[in-house]
Amino acid sequence: MKRIVKNEIVIVGGGICGLATALALHRKKIKSLVLEKSEELRATGAAIIVQANGWHALDQLGVGSMLRQTAIQIQGGKFISISEDEQKEVAFGINQEFRCLKRTDLIKAIANCLPMETIRTSCQVVSIELDSATHYPQLLLSNGSILQAKVVIGCDGVNSIIANMVGLHQTKLLRFSTCVARGFTKYPNGHQFPSEFAVISRGQVQLGRIPMTHKLVYWFVTRLSTSQDSTISKDSNLIRRSLLESMEGFPIHAMDMIRSCKLNSLHHTDLKYRPPWDLLLNKFHKGTIVVAGDAMHATGPFIAQGGSASIEDAIVLARCLAQKMHNTKNMMIGRCIVSEAFDKYVKERRMRIFWLSLNTFLVGKKLDTKSWIVRLIVIAIMVVLFRDRDCHSRYNCGTLREEEGDYI
């Protein structure tokens, strides 16, 4: 086995959160190593909706301006409810920045800002344990080598190996009864859709549509899960066929959009989440090991904040770690210093991710249930707690600069 000791900060997972964390640390002149198990960087899912809070975080990373050029600004939205005998339409305003990005564009923009040696692909973590002599974590990789680190940041998604191995979660992931399919449809001659976020619902099937450019549209469909979904999710043609079957009664333009979609963009997934109360109880770090992004707060996609919250995590984590390190000689990484930084990070993020998770949980339960009584109760709770539709997007995660009173 090969023992490597030179990497002080290791980030497990080369997705949006992992790369954003590496870039945030890089902006603070802190080196890190990103381990990605795939042979190349890849983005799970088709697109990501980024609202004002997410754009603030991307601006802190220095990639916001570049990414704005890839997606149009959404100006408003509408809910369309279809029943057997009528169609109701309700418009809603979008008062802050709201765009939909290709996940691949986001991944590439962040990765291109990192030093070449930062990302290491084909590196799958098999296990993690504390070294008996140093009490720092060491990672066993699938190739048999051991990677020693002073800090490990788990950004390895919903099924986080890091979180599970160190027991950072007290409860298992739960599943919504609803599943989601996502994809792109390209219109070579341009589409006629306005710059709006349209949501069309019929029964327990819901279609969301967002123009990304004047020729490309992102869409998603939610419906109740079935026993065939595990087979359907492996075949793009089966995904499209199942969508068309479930969308019977939808407008012709919506059906045509699904028929004409780019098959290689289709993704069908079940929806896992951590219950909101779990986020209030867990510590999220153990010694110099910490989690972020979906590894910390997996939620459903119903309020379109999961990706932005992960980028916020990156900003806050890098800022907290840099503040503590900059107060030491030669920016030394000591266990106590790192633990204090992670305590501060968790304290700052806990209630933010709780409220996001609770809102998402309630929307998911509203879609899941067939009971009008349960649905009315959920709606009543949401009216009381989340009357302000813009409360999440107005959130400001702060900057990468040290706060007043720090060393500079």
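Reading burial and pairing in a predicted model

User: This model is predicted. Where does K29 sit?
Analyst: K29 lies in the loop between α1 (16-27) and β3 (33-35).

User: Why is K29 called exposed?
Analyst: The relative accessible area of K29 is 75%, and exposed means over 50%. K29 is therefore exposed.

User: Why does S122 count as partly exposed?
Analyst: S122 has 42% relative accessibility. Buried is under 20% and exposed is over 50%, with partly exposed in between. S122 therefore counts as partly exposed. Its place is the loop between β8 (119-120) and β9 (125-130). S122 also has a positive phi, near 55 degrees, and is a residue other than glycine.

User: Which residues of helix α8 are buried?
Analyst: In α8 (residues 252-259) they are A254, M255, M257 and I258.

User: How do you know that the buried residues of α8 line one face?
Analyst: Viewed down the axis of α8, the buried residues fall within an arc of 155 degrees, so they line one face of the helix. As a general point, an α-helix has 3.6 residues a turn, so residues three or four places apart point the same way.

User: What covers the buried residues of α8?
Analyst: The cover includes β13 (174-186), β15 (205-211), β16 (216-224) and α7 (236-246).

User: What makes β15 largely enclosed?
Analyst: Seven of the seven residues of β15 are buried, so the strand is largely enclosed by the rest of the structure.

User: Which residues of β15 are buried on each side?
Analyst: V205, L207, R209 and P211 are buried on one side, and Q206, G208 and I210 on the other, so both faces are covered. In a regular strand the side chains alternate between the two faces of the sheet.

User: How do you know that β14 and β15 pair?
Analyst: Pairing needs at least two bridges. Five bridges join β14 (residues 196-202) to β15, and the two strands run antiparallel. In one of these pairs, R202 has V205 of β15 as its bridge partner.

User: What lies between β14 and β15?
Analyst: The two strands form a hairpin with two residues between them. G203, in the turn, has a positive phi of about 65 degrees.

User: What makes β15 and β16 a pair?
Analyst: The cut-off is at least two bridges, and β15 and β16 have six, in the antiparallel sense. They therefore pair. W219 in β16 is the bridge partner of R209. A hairpin through four residues joins β15 to β16.

Notes:
Residues numbered from 1 in each chain as written. Predicted model: local features only at pLDDT ≥ 70, side-chain atom pairs only at ≥ 80, totals over all residues. Heavy atoms only, no water. Buried < 20%, exposed > 50% of the residue type's maximum accessible area, 1.4 Å probe, protein only. Arc of directions from axis to C-beta. Contact = heavy atoms within 4.5 Å.
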